[in-house]
Amino acid sequence: MSKSNKKERTIFTRKNDRFISSLVIIGLLILLLISFMANIRIVYTVVFSALSAMATYEMLNVIGSKSKILIGISGAVSAFTVFAVSYKIAVPAVGVLYGFYTMIMLAISVFDNKHIRYLDAVMAVFASIFLPNAFSCIIRLNDINDFNPNFKHYEGVFMVGMCFVCSWLTDTFAYIVGSKLGKHKMCPVISPKKSVEGAIGGLVISGLFAPLLLFIFHVIGIYFWDYPIYGEGYMKYLAVIPITIAVSAVSMVGDLAASVLKRNHDIKDFSKLIPGHGGIMDRFDSCVFVFPTLYGIMYLLSL
């Protein structure tokens, strides 16, 4: 087989793997949304606990950490944090506990400095605190009527779906619009393929799609939760447009932040867990910025 044929076969195989992986991801996302709709807490809690632990591992892997101690402890803390938030496990003086946890992790690197770099411990602490708390925000959004009873359950589920729309739809349409109309580079050093035109296109399309998504969830609410046909929902159709645009802009920052980290360590993907897509952080890099941002906006607007 010639080199050109081998190259074409490799490209075709990668595209095929990516397509199959995309179908699997979409299927799992639909099942995940169903678990939120039916409020099957154990399902989405386990999913996001696992995602958090795997993402923590990938963050350590990207800097070349091989310490099983740090990986094990940080992964366990990540998973437990999501469970604690989901099941509202009261952890007294959590800030103090995080402080002791940080000191323990740094002390491990000090006493075993021949095998563990200080940077490894810092990344382990950062990843195992930031990532699970970010992932937990999507569970908090699903439970949004806990702090504002005016919200209907379907509106919380809508916000869960809105997170993924802001993250993935923005990125997809930014690429499509940018490939057709992109002339001005947005961040040529960090991500040469991203353009200003593409970013604007992604923001606008995501903003316009959000009211349609809310309508879909409202119809679901009518048939599954017997809400009135025109509803008394707290979330207004026009209000979701500026919120979506703002959160979509944050998703781009998350994507660029992950690109900086990968570029600094000269890697393409965080891992090879998902064929054609990379790792968990390659799919959720923007999401970990979107989840807490949307939760923060909704919480502040509910005060």
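Predicted model: local features only at pLDDT ≥ 70, side-chain atom pairs only at ≥ 80, totals over all residues.
From Ser 74 we'll step back to the protein chain as a whole.

**Around Ser 74**
- Ser 74 is buried, because its relative accessible area is 0% and the cut-off for buried is under 20%.
- If you skip the neighbours within four places in sequence, Ser 74 still touches Thr 56, Leu 60, Tyr 101, Met 105, Ala 124 and Ser 128.

**How the chain is built**
- Count up the secondary structure of the protein chain and you get 10 helices and two strands.
- Reading from the N terminus, the order is α-α-α-α-α-α-β-β-α-α-α-α.
- The protein chain is as compact as a globular protein of its length, because its radius of gyration of 21 Å is close to the 19 Å that the globule rule gives for 303 residues.
- Along the principal axes, the C-alpha atoms fill a box of roughly 65 × 60 × 35 Å.

**Inside and contacts**
- Of the 303 residues in the protein chain, 46% are buried.
- Take the contacts between residues at least 6 apart in sequence: 73% of them join residues at least 24 apart.

**Surface and charge**
- The protein chain exposes about 16,100 Å², and 70% of that comes from carbon and sulfur atoms.
- On the charge side, there are 26 positive and 17 negative side chains.
- The centres of those two sets of charges lie 9 Å apart.

Technical notes: Residues numbered from 1 in each chain as written. Heavy atoms only, no water. Buried < 20%, exposed > 50% of the residue type's maximum accessible area, 1.4 Å probe, protein only. Contact = heavy atoms within 4.5 Å. Helix = DSSP H or I, 4+ residues; strand = E, 2+ residues; numbered from the N terminus. Rg over C-alpha atoms; globule rule 2.2 N^0.38 Å. Areas by Shrake-Rupley, 256 points an atom, 1.4 Å probe, with all protein chains shown as cover. Lys, Arg positive; Asp, Glu negative; His and termini not counted. Charge placed at Lys NZ, Arg CZ, Asp CG, Glu CD.
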